[in-house]
Amino acid sequence: MLVVDDDTRMSALLRRGLAEEGYAVDVAGEGGEAVWLATENDYDAVVLDLMLPGLDGYEVCRRLRGAGRWAPVLMLTAHDGVVDRVRGLDAGADDYLVKPFSFAELAARLRALLRRGAAERPSVLTVGDLRLDPATRQARRGAERS
């Protein structure tokens with residue numbers, strides 16, 4: 001499991017709690033490091049804060065999906081607006097939990113995500129000369145882009 005949070009106290013609490021739940025946990029403190037770790041390692045899940053130095057959580061999630069990394073992503077953030085939740089889910093997150101949170105709920109949401117299993121999903125869908133890229137929400141037919 002990968003925990004991505006620049007708040008060292010929060011990441012230490014998450015690491016300890018998840019380790020007590022039986023998970024092996026790596027921690028990243030900034031967006032670029034998170035992308036590197038998650039593209040180099042096959043994590044069962046990623047717990048991702050939004051406000052990070054370097055790349056924000058939205059961009060981290062988009063880059064992971066673009067790189068074909070489909071481990072479940074649970075965004076964990078203080079941003080509680082509907083627009084923020086929609087933006088996170090549209091960036092590729094599988095779930096969204098607002099801080100402050102109950103650790104029991106976080107653990108239950110992770111178990112639910114892990115029960116679904118990792119389904120291999122292509123980052124770009126191609127049929128004939130039609131290409132659909134869900135991560136960037138772009139479609140191409142031949143050389144035309146829309």
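Two strands are taken as paired if DSSP finds at least two bridges between them. Strands (E, at least two residues) and helices (H or I, at least four) are DSSP runs, numbered from the N terminus. The model is predicted: local features need pLDDT of at least 70, side-chain atom pairs count only at pLDDT 80 or more, and totals for chains, interfaces and linings use all residues. Residues are numbered from 1 along each chain as its sequence is written, and side-chain values use heavy atoms, with hydrogens and water left out.

In strand β3 (residues 46–48), L48 stands opposite M75 of β4. β3 and β4 (residues 73–77) run parallel and are joined by three bridges. Both belong to an open sheet of five strands, in the order β2-β1-β3-β4-β5 with parallel pairing. The edges are formed by β2 (26–28) and β5 (95–98); each has a single partner strand, so one side of each is left without a neighbour in the sheet. From one strand to the next the twist averages 20 degrees. Helix α2 (residues 31–40) packs on the sheet and touches β1 (2–4) and β2, contact meaning heavy atoms within 4.5 Å. The direction of α2 makes about 145 degrees with that of β2; axes are lines fitted to C-alpha atoms, for helices over the stretch in contact, and angles run from 0 to 180 degrees between N-to-C directions.

In a regular strand the side chains alternate between the two faces of the sheet. In β4, V73, M75 and T77 lie on one side and L74 and L76 on the other, and all are buried (under 20% relative accessible area, with a 1.4 Å probe and protein chains only). Helix α3 (residues 57–66) carries the chain from β3 to β4 in a right-handed β-α-β crossover; with the strands pointing away from the viewer, the path from the first strand over the helix to the second runs clockwise.

β4 also pairs with β5 in the parallel sense, over four bridges. T77 has V98 in β5 as its bridge partner. The chain passes from β4 to β5 through helix α4 (residues 82–90), and this β-α-β crossover is right-handed.

Helices α1 (residues 8–20) and α5 (residues 103–115) pack with their axes 11 Å apart, at an angle of about 60 degrees. α1 and α5 are therefore oblique to each other, a class left after angles under 35 degrees (roughly parallel), over 145 (roughly antiparallel) and 65 to 115 (roughly perpendicular) are set aside. The contact is made by L14, G17 and L18 of α1 and F103, L106 and L110 of α5.

Conventions: Buried < 20%, exposed > 50% of the residue type's maximum accessible area, 1.4 Å probe, protein only.
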